[in-house]
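Thank you for sending the model for comment. Below are some notes to read alongside the sequence and the coordinates.

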Amino acid sequence: MHTVVVGTAGTTAEDVIAVARGAARVVVSDEALAAVAQSRRVIDDLAAKPDPVYGVSTGFGALAVRHISPELRAQLQRNIVRSHAAGMGPRVEREVVRALMFLRLKTLASGRTGVRPLVVETMAAILNAGITPVVHEYGSLGCSGDLAPLSHCALTLMGEGDAEGPDGVVRPAGQLLAEHGIEPVELREKEGLALLNGTDGMLGMLVMACADLARLYTSADVTAALSLEALLGTEKVLAPELHAIRPHPGQGASADNMLRVLAGSGLTGHHQDDAPRVQDAYSIRCAPQVAGAGRDTLAHARLVADRELASAVDNPVVLPDGRVESNGNFHGAPVAYVLDFLAIAAADLASIAERRTDRLLDKNRSHGLPPFLAGDAGVDSGLMIAQYTQAALVSEMKRLAVPASVDSIPSSAMQEDHVSMGWSAARKLRTAVAALTRVIAVELVAATRAVELREGLTPSPATQAVLKAVRAAGVEGPGEDRFLAPDLARAEEFVRAGKLVEAVEPVTGPLA
């Protein structure tokens, strides 16, 4: 079993995905446990003094003006978790909750939060036991942390609330902890606050979205190349010297991917009449520019994610010199902005893919292909409604591209008077990523069918590899009308699982 070691210096995107989506075991390093113990001693010393310290001996948020006596502090920590576990709506996906918990553990292990080693070890034990707290869709404004989602996780740490066991059944958290020999934690000063005050949910979703979009951008380059080939387009626009004079890295990478997929094609540059086609439509000719801009957006988002993965987000924090200071590092703006930016880029990539599909289906623009790629047009409708489905997905993605991070609703009696809405940005990005997968799948179905209808012309070796793999996956080719939804579902899974890229790389070599 893969093991992820958590130290004081943050974590990596690869480790987040290994814990969230895989069965990676989490181990907290001895160095981290020593740093946690050292910062806890600072908190214990402050707790013993009469002076009020935010998060240690005061209330929270707008209630921070009240000094809490020592006999009420354990109750204060329990109460903040119970009261803040106020989420509503559908359950959040298991992988999101595991990412959220792991990232909170990462910050706790930094030695900057002042919790006891027991808290860190117990959270790691819950992850390793496969226990997943029930977290709901609504409850985070992306400021002062993903409060409600993190509170539901902290509730499980206390042995309260509901959680999903490794068998997928939701049961009382206390019962699940007992079955795995995990003692519930009795929270002490600062610990309740430290468990709630982070950008972990939105960051976890950003990390996973970046991984998914990297695969989808490569997949979209492949389907764009197949569409160019099926439309008898010219690959001359992909020449590296053209992209060198506008040196956006993503653009160059997408053009190179397409060029390698098209190498050896017998379809490119052919026409159904004697009139040479000087230029292809924008959806073909500008595919590298659009996909490339999205790739560069993704690179920026990964930079932000990496910085956040190296961060210790809490309020207050224990600094290396022993000071305990309040701060605003929990504000989710840096993460929220790139989550929104990715949704915009994904929507545009889906939009250009849909335009290519529509062109493949329109006999007036497809350069000799049958209407809707149907077997017997008029009797058969071919892929007409597959494009409707694709258009519906693109339309939704355009709505999802409206930024969440430009909104702010003040909360906590105006103490928290500007919030990031980063959790909301992350939630809609997940929906957009799923929709983009489906849009690319529809283009794949259309482009492969169109290539096969070009009888007498030989597609590139990479395209032939795609045709073989996609047909082996159960996605049928040209012919009379049939129940189409299963084909589209199989194509969607083919793209989501990375099979499209896997099919071409033995021919093309590794694609960007």
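1. Overall picture. This is a predicted model, and the remarks below should be read with that in mind. The protein chain contains 19 helices and 9 strands, and its C-alpha atoms fill a box of roughly 90 × 50 × 40 Å along the principal axes. Of the 512 residues in the protein chain, 56% are buried. Among contacts with a separation of 6 or more, 78% are made by residues 24 or more positions apart.

2. The pairing of α14 and α15. Helix α14, residues 333-361, and helix α15, residues 384-400, have axes that come within 9 Å and cross at roughly 160°. Because angles over 145 degrees count as roughly antiparallel, α14 is described as roughly antiparallel to α15. The crossing of these two helices, α14 and α15, is left-handed. On the α14 side the contact involves A343, A346, A347, A350, S351, A353, E354, R355, T357, D358 and L361, while α15 contributes M384, Q387, Q390, A391, V394, M397, K398 and L400. Sorted by class, the contact of α14 with α15 comprises 11 nonpolar, 4 polar and 4 charged residues.

3. The connection between the two helices. R365 sits in the loop between α14 and α15, and with a relative accessible area of 23% it is partly exposed. Once neighbours within four places in sequence are set aside, R365 is in contact with L231, D358 and R359. R365 and L231 are 134 residues apart in sequence, yet their C-alpha atoms are 8.7 Å apart in space.

4. How many of the residues of α6 are buried? The count is 11 of 11, and the buried residues run through L147, A148, P149, L150, S151, H152, C153, A154, L155, T156 and L157. Just after α6, G159 takes a positive phi of about 80°.

5. The crossing of α3 and α6. The axes of helix α3, residues 73-84, and α6 come within 8 Å and cross at roughly 120°, and α3 and α6 are therefore oblique to each other. The crossing of α3 and α6 is left-handed. In this contact V81, R82 and H84 of α3 meet L147, A148, S151, A154 and L155 of α6. The residues of the contact of α3 with α6 divide into 5 nonpolar, 2 polar and 1 charged.

6. The annotated serine. In an unreviewed entry, UniProt places the feature "modified residue: 2,3-didehydroalanine (Ser)" at S144, and such annotations may be inferred rather than shown by experiment. S144 lies in the loop between β5, residues 136-138, and α6, residues 147-157. With a relative accessible area of 10%, S144 is buried. Which residues does S144 contact, leaving aside its neighbours within four places in sequence? They are L196, N197, G198, F330 and E416.

Notes: Residues numbered from 1 in each chain as written. Predicted model: local features only at pLDDT ≥ 70, side-chain atom pairs only at ≥ 80, totals over all residues. Heavy atoms only, no water. Axes fitted to C-alpha atoms, helices over the stretch in contact; angles between N-to-C directions. Helix = DSSP H or I, 4+ residues; strand = E, 2+ residues; numbered from the N terminus. Parallel < 35°, antiparallel > 145°, perpendicular 65-115°, else oblique. Left-handed = near helix turned anticlockwise from the far one by under 90°. Contact = heavy atoms within 4.5 Å. Nonpolar A, V, L, I, M, F, W, Y, C, P; charged D, E, K, R; others polar. Buried < 20%, exposed > 50% of the residue type's maximum accessible area, 1.4 Å probe, protein only.
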